Amino acid sequence: MVVALGSDHLAYELKQEIHALLEGMGHTVIDYGVGRVESSDYPVSGRAAAKAVAAGDCERGIVMCGTGVGISLAANKVRGVRCVVCSEPYSAKMARLHNDANMLALGARVVGPELAKMITEVFMTTGFEGGRHVKRVAMLEPEED
């Protein structure tokens, strides 16, 4: 699977850990995040990763900032993206099963690297259940103006 990664400066080190994990799982990673720890703006990398997912260039995306909240908000502004902030594996599992979430957001100041890896593994290995959830996922798309 091709996975988009994005982060701001606060999550740079966590992004490096997740990048290595994903490659170890056999995924191809495209990094849309910053390459440094100097201050950067999370909406830029969050939106870039989200656009890659929405365009089909990447099948899933994982974005990171201090809390995961800001970068998830930026990603969710892109039509077709369903980005969920998770701080534990159960939410990641259910977001995939029932919501067909195609992006995961992690907070580097909220979860440590080992928990972030667990959450990522669950997110990447859980499929969409389909069935009754297909209609509900379609209802998540923004209304036309």
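Two residues are in contact, or touch, when heavy atoms of theirs lie within 4.5 Å. Keep in mind that this is a predicted model, in which local features need pLDDT of at least 70 and side-chain atom pairs count only at pLDDT 80 or more, while totals for chains, interfaces and linings use all residues. Residues are numbered from 1 along each chain as its sequence is written, and side-chain values use heavy atoms, with hydrogens and water left out.

Select Leu106 to begin: not counting residues up to four places away in sequence, Leu106 touches a list of residues that includes Leu14, Ile18, Ile62, Met64, Cys86, Ala116 and Ile119.

Next, colour by secondary structure, where you will find 6 helices and 5 strands, these being DSSP runs (helices H or I of at least four residues, strands E of at least two) numbered from the N terminus.

Now select Ile18, Leu22, Ile62, Met64 and Leu106 together, which have the most contacts inside the largest nonpolar core, a set of 20 residues. Such a core consists of buried Ala, Val, Leu, Ile, Met, Phe, Trp, Tyr and Cys residues joined through side-chain atoms within 4.5 Å, where buried means under 20% relative accessible area (1.4 Å probe, protein chains only). Among the elements that give two or more residues to this core are strand S1 (2-7), helix H1 (12-24) and strand S5 (103-107), and the largest share, 4 residues, comes from H5.

Then move to Ala75, Val78, Met103 and Ala105, which are among the 15 residues of another core lying apart from the largest one.

Finally, show the whole protein, whose C-alpha trace spans about 45 × 35 × 25 Å along its principal axes, and in which buried residues make up 45% of the 145 residues.

Methods: Buried < 20%, exposed > 50% of the residue type's maximum accessible area, 1.4 Å probe, protein only.
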